[in-house]
Structure formats: C-alpha cells, structure tokens
Amino acid sequence: MTLVDVRAELADQIRPLCRSEYDQLVELGVFEDEPIELIEGVLVRRSPEGTPHSWIIQELNRALVKGLPDHLRLRVGHPFAASGWSEPEPATSP
C-alpha cells in the first residue's frame, strides 16, 4: 500500500497541520535538527541540497539581484509561506 492509498483510505481520519500550528511547533523547537517542511498540511522530509542545485541558486540569485529596483528584495534560502497549509523550506547543504 502506498502513501497515496493510505491517504485515500484514511482521509476522514487524517488531520492536516495548518501553517500557524507548524510555525508554533517550529518556535518551540519540536523539529530542531530535523529537515522537514510543511506541504499541503503534511510534514515532509527535505532532501539535502546538492552541488548542482546550490550552483544554480547562486547564479540565479546573482542575475536576479542585478535587475531589481532598490525597493524590492530577493529572499534566498528562507522559508516561504505559500498558503495556510504549506511552508516550503529551502534545502540546506549537508
């Protein structure tokens, strides 16, 4: 049985975590030293960032920052509050 099957089978018994609850747990240190992120109400383990990914992020950051007006900022390597149910976290190098 896959995770998709389990979610479909137990849909009425699964309680998703909202972003505000996730943020409170993070502040309490519940997930300290655990690479996770909140995606659609589910805690998901993050993969470590590899060299190709970090190189691409570095180059995109360099190119994008050059073209931004002074009043705009580019957030690189910070959580993103995508919705009330998702807060993707950037991968961190091992």
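Mentor: Let us start with the words for secondary structure: helices (H or I, at least four residues) and strands (E, at least two) are DSSP runs, numbered from the N terminus. Q24, for instance, lies in helix α2. The model is a predicted one, where local features need pLDDT of at least 70 and side-chain atom pairs count only at pLDDT 80 or more, while totals for chains, interfaces and linings use all residues. Residues are numbered from 1 along each chain as its sequence is written, and side-chain values use heavy atoms, leaving out hydrogens and water.

Trainee: Which helix has the highest confidence, and which the lowest?

Mentor: The score is pLDDT, the predictor's confidence in each residue, from 0 to 100. Helix α2 (residues 19–27) is highest at a mean of 92, and helix α1 (residues 3–9) is lowest at 76. The protein averages 82, with 95% of the residues at 70 or above.

Trainee: Back to helix α2, then. Why is Q24 called exposed?

Mentor: Buried means under 20% relative accessible area, exposed over 50%, and partly exposed in between (1.4 Å probe, protein chains only). Q24 has 51%, so the label is exposed. From Q24 to H78, 54 residues apart in sequence, the C-alpha distance is 17 Å.

Trainee: What makes S86 buried?

Mentor: S86 has 6% relative accessibility, so the label is buried. S86 sits in the segment after α3 (51–67).

Trainee: How do you know which residues S86 touches?

Mentor: Contact means heavy atoms within 4.5 Å. Leaving aside residues up to four places away in sequence, the partners of S86 are R19, L38, I39, E40, F80 and A81.

Trainee: What does the side chain of S86 reach?

Mentor: The backbone nitrogen of E40, at 2.7 Å. A polar contact is a pair of N or O atoms within 3.5 Å; within protein, one must be able to donate a hydrogen and the other to accept it, and residues adjacent in sequence count only if both atoms are side-chain atoms. The 2.7 Å distance falls within that limit, so the pair qualifies.

Trainee: And where is E40 found?

Mentor: E40 is in the loop between β1 and β2. E40 is exposed because its relative accessible area is 53%, and its phi is positive, near 50°, in a residue other than glycine.

Trainee: How do you know that strands β1 and β2 pair?

Mentor: Two strands pair if DSSP finds at least two bridges between them. Strand β1 (residues 36–39) and strand β2 (residues 42–45) have four bridges, in the antiparallel sense. The two strands form a hairpin with two residues between them. In β2, V44 faces E37, and V42 faces I39.

Trainee: Which residues make up the largest nonpolar core?

Mentor: A nonpolar core is a set of buried Ala, Val, Leu, Ile, Met, Phe, Trp, Tyr and Cys residues joined through side-chain atoms within 4.5 Å. The largest one has five members: L17, Y22, F31, I36 and L38. Y22 and F31 are both buried.
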